[in-house]
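Subject: Model for your attention, with notes on helix packing

Dear colleague,

I am passing on the structure below, and my notes on it follow directly after. Please read them with the model open beside you.

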Amino acid sequence: MKELLLAKSKSFTTVGNIQSLVTIIGNLSAAAFSALSIILLSRKMGPELFGEFSTAFALILILNKLNDVGLSLTTQKLLSTSLTNKNEVSKLSSELLLARVLLSVVILVIFLPLSPLLTRALQISNPYLLPASVLFGTAMVYFEYLIATLQGIHRFYQAVFVNIFQGIGKLLLAIVYTFTSINFLSTFILYVTIPVFPLLFSSKLTPEWFNPFSLNFKQKISKEIFSITRHTSIMILAGAVIQNIGILFTKGYLNSFDAGILGGISRIALLFSIIGISLTQVLYPRVSRYKNKSDVKKFINKSLLLVLGAVLG
């Protein structure tokens with residue numbers, strides 16, 4: 001009996017469980033900071049102005065997923081499975097970064113000229129808001145790249161730190177906006193670009209042999225990246241559109257007040273998905289390294305129990 005209890009206690013303190021717990025707590029903390037920042041911003045802006053803020057932010061999230069097309073999941077899988085080969089990891093990370101940069105250029109070329117048309121269609125009062133969203137919103141793409149890269153090389157604690165860092169940054173910005181006369185557009189631009197600041201010290205978060213932002217425009221993107229991304233892109237794009245298109249419809253067909261109310265509710269609702277997202281951020285890179293059928297089967301059985309627990313919960 002004693003040996004059984006000891007075995008159970010060890011199973012709860014495995015590396016994977018500890019990493020999952022730290023990631024969940026870290027992401028919940030970052031989400032709490034972001035939620036507080038949203039509460040402060042919405043109170044100062046009022047429902048109508050916050051409606052335009054929410055609309056522009058929803059557009060950024062959709063465009064970012066167009067810029068991602070499943071590359072985050074691809075990054076986690078490929079870097080994790082190649083972790084024993086340092087040169088291969090560096091090469092793949094450079095190819096994945098190149099793919100994101102090329103997609104960023106395509107999105108800017110297409111959507112920046114369309115932003116005045118979107119401004120009229122969505123009835124945005126500030127003519128500079130949506131162009132700023134398209135232009136500065138790409139900063140979040142490279143924040144997500146850094147997070148996915150850290151998770152891919154199993155630097156989960158560093159990924160949590162980066163996430164909390166940007167959450168605190170947003171909260172501090174909201175406090176400054178609340179007690180000063182900083183204008184709405186400047187606040188919005190700073191809010192969407194704050195996640196880019198951890199990139200400035202990214203070299204401190206990764207091993208000495210690894211540079212997450214080594215970019216080579218002469219290299220080719222491997223077929224392996226395309227083969228995985230073409231499957232994950234459908235899930236990522238569908239999820240992004242479903243999650244954010246409602247605010248755009250509300251703003252286009254109703255008014256800024258209604259969009260502001262929906263935007264606030266949707267931000268709060270995201271808190272409930274943090275635990276699930278946090279688990280996938282740890283489990284996906286770890287499970288992608290499994291080669292034995294027995295290990296995969298054990299993971300599937302545990303996943304079924306986890307799903308059952310979530311449904312009952």
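The axes are lines fitted to C-alpha atoms, for helices over the stretch in contact, and the angles run from 0 to 180 degrees between N-to-C directions. The crossing of H4 and H5 is right-handed, a term used if the near helix is turned clockwise from the far one by less than a right angle, with anticlockwise giving left-handed. On the H4 side the contact (heavy atoms within 4.5 Å) is made by Leu108, Phe111, Leu112, Ser115, Leu118 and Thr119, and on the H5 side by Leu130, Pro131, Val134 and Leu135. Sorted by class, this contact of H4 with H5 has 8 nonpolar, 2 polar and no charged residues, where Ala, Val, Leu, Ile, Met, Phe, Trp, Tyr, Cys and Pro count as nonpolar, Asp, Glu, Lys and Arg as charged, and the others, Gly among them, as polar.

On provenance, this is a predicted model, in which local features need pLDDT of at least 70 and side-chain atom pairs count only at pLDDT 80 or more, while totals for chains, interfaces and linings use all residues. Residues are numbered from 1 along each chain as its sequence is written, and side-chain values use heavy atoms, with hydrogens and water left out.

As for the chain as a whole, it has 12 helices and 0 strands, and buried residues make up 46% of its 313 residues, with buried meaning under 20% relative accessible area, exposed over 50% and partly exposed in between (1.4 Å probe, protein chains only). Among contacts between residues at least 6 apart in sequence, 83% join residues at least 24 apart. The accessible surface of the chain comes to about 16,500 Å², of which 70% belongs to carbon and sulfur atoms; the areas come from the Shrake-Rupley method with a 1.4 Å probe.

Two further helix pairs deserve a note. Helix H4 (residues 86–121) also packs with helix H6 (residues 139–152), at an angle of about 165° and with the axes 11 Å apart, which makes H4 roughly antiparallel to H6. H4 passes H6 in a right-handed crossing, and the contact involves Ser93, Leu96, Leu97, Arg100, Val101 and Ser104 of H4 together with Val141, Tyr142 and Tyr145 of H6. By class, the contact of H4 with H6 has 6 nonpolar, 2 polar and 1 charged residues.

The axes of helix H7 (residues 156–179) and helix H8 (residues 184–193) come within 10 Å and cross at roughly 170°, so that H7 is roughly antiparallel to H8. Here Lys170, Leu173 and Tyr177 of H7 meet Phe184, Thr187, Leu190 and Tyr191 of H8, and these residues divide into 5 nonpolar, 1 polar and 1 charged.

Leaving aside its neighbours within four places in sequence, Leu92 is in contact with Leu78, Leu79, Ser82, Ser222 and Ile225; from Leu79 it is 13 residues away in sequence and 7.1 Å away in space, C-alpha to C-alpha.

Helix H2 (residues 15–68) holds Leu61, and Phe57 is likewise placed in helix H2. Leu61 is buried at a relative accessible area of 16%, and Phe57 counts as buried at 7% relative accessibility. Between Leu61 and Met140 there are 8.8 Å in space, C-alpha to C-alpha, with the two 79 residues apart in sequence, whereas Phe57 and Phe188 are 131 residues apart in sequence and 8.8 Å apart in space, again C-alpha to C-alpha.

Finally, some backbone angles: most residues other than glycine have a negative phi. Val69, in the loop between H2 and helix H3 (71–81), has a positive phi of about 40° although it is not a glycine, and Val69 is buried, with a relative accessible area of 18%. His154, in the loop between H6 and H7, has a positive phi of about 65° and is not a glycine either.

How values were computed
Helices (H or I, at least four residues) and strands (E, at least two) are DSSP runs, numbered from the N terminus. Angles under 35 degrees count as roughly parallel, over 145 as roughly antiparallel, 65 to 115 as roughly perpendicular and the rest as oblique.
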